[in-house]
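These are my notebook entries on a structure that is new to me.

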Amino acid sequence: MEITLLVIGKTTSRPLSELTDEYIRRAARYTPFDMRVLPDVRNARALTPQQRKQAEGKIILDSIQPSDFLMLLDERGKQFTSIAFAEMLQKRMASGLKRLVFLVGGPYGFSQEVYDRADAKISLSTMTFSHEMVRLFFAEQIYRAMTILRGEPYHHE
């Protein structure tokens, strides 16, 4: 199974970008894992939040395949411990799924069309983080999950 982290716009912080890339490289040693960066919406500042969500939604939906299992990273999603997250990934891998896509939306969230297409929602926290930091946290959690599944000493109980 391939795991893709789909995000809107580039990371502007070089240190965050480097750390995110490091955890993606680490996780990719265990399973195909990558981050795809979708372009920012053109003239975003001239759009209302709703218009921006709609424009981002179109870009997102155009990049998703019908067979993809889409999980939104959403504050109202299900929360997991690291171990439970690893177990959920293991079940998805065993299911024969071709590609699992995790989606980080733009600053205003997701359009209704993206919510309608989603297969599940997960939450990293009830707190709000910058979208750039979420990329790092999520990449680290994928790596952590892979080490948990392999019984390696990275994760401590």
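Which element gives the largest share of the lining of the second largest pocket? I found that H5 does, with 3 residues.

Entry 1, basis. I am working from a predicted model, in which local features need pLDDT of at least 70, side-chain atom pairs count only at pLDDT 80 or more, and totals for chains, interfaces and linings use all residues. Residues are numbered from 1 along each chain as its sequence is written, and side-chain values use heavy atoms, with hydrogens and water left out.

I noted about 230 Å³ of space here. A pocket is an open set of points on a 1 Å grid over the protein atoms alone, where a 1.4 Å probe fits, with protein on both sides within 12 Å along at least five of seven lines; lining residues have an atom within 4 Å of a point. The volume is the space filled by probe spheres set on the points. Among the lining residues I listed Phe80, Phe85, Ile122, Phe137 and Glu140. Helix H3 (82–94), E5 and H5 each give two or more residues to this lining. Helices (H or I, at least four residues) and strands (E, at least two) are DSSP runs, numbered from the N terminus. By class, I recorded 5 nonpolar, 6 polar and 1 charged. Ala, Val, Leu, Ile, Met, Phe, Trp, Tyr, Cys and Pro count as nonpolar, Asp, Glu, Lys and Arg as charged, and the others, Gly among them, as polar.

I noted about 430 Å³ of space in the largest pocket. It is lined by 22 residues, and Leu73, Asp74, Glu75, Thr128 and His131 are the closest to its centre. Strand E3 (69–79) gives the most to this lining, with 4 residues. The lining divides into 11 nonpolar, 7 polar and 4 charged residues.

I looked up how H3 and H5 pack: the angle is about 75° and the axes are 9 Å apart. Axes are lines fitted to C-alpha atoms, for helices over the stretch in contact, and angles run from 0 to 180 degrees between N-to-C directions. H3 is therefore roughly perpendicular to H5 (65 to 115 degrees). The contact (heavy atoms within 4.5 Å) includes Phe85 and Leu89 of H3 and Phe138 and Ile142 of H5.

I placed Met127 in the loop between E5 and H5. Met127 is exposed (over 50% relative accessible area), at 58%.

Methods: Angles under 35 degrees count as roughly parallel, over 145 as roughly antiparallel, 65 to 115 as roughly perpendicular and the rest as oblique. Buried means under 20% relative accessible area, exposed over 50%, partly exposed in between (1.4 Å probe, protein chains only).
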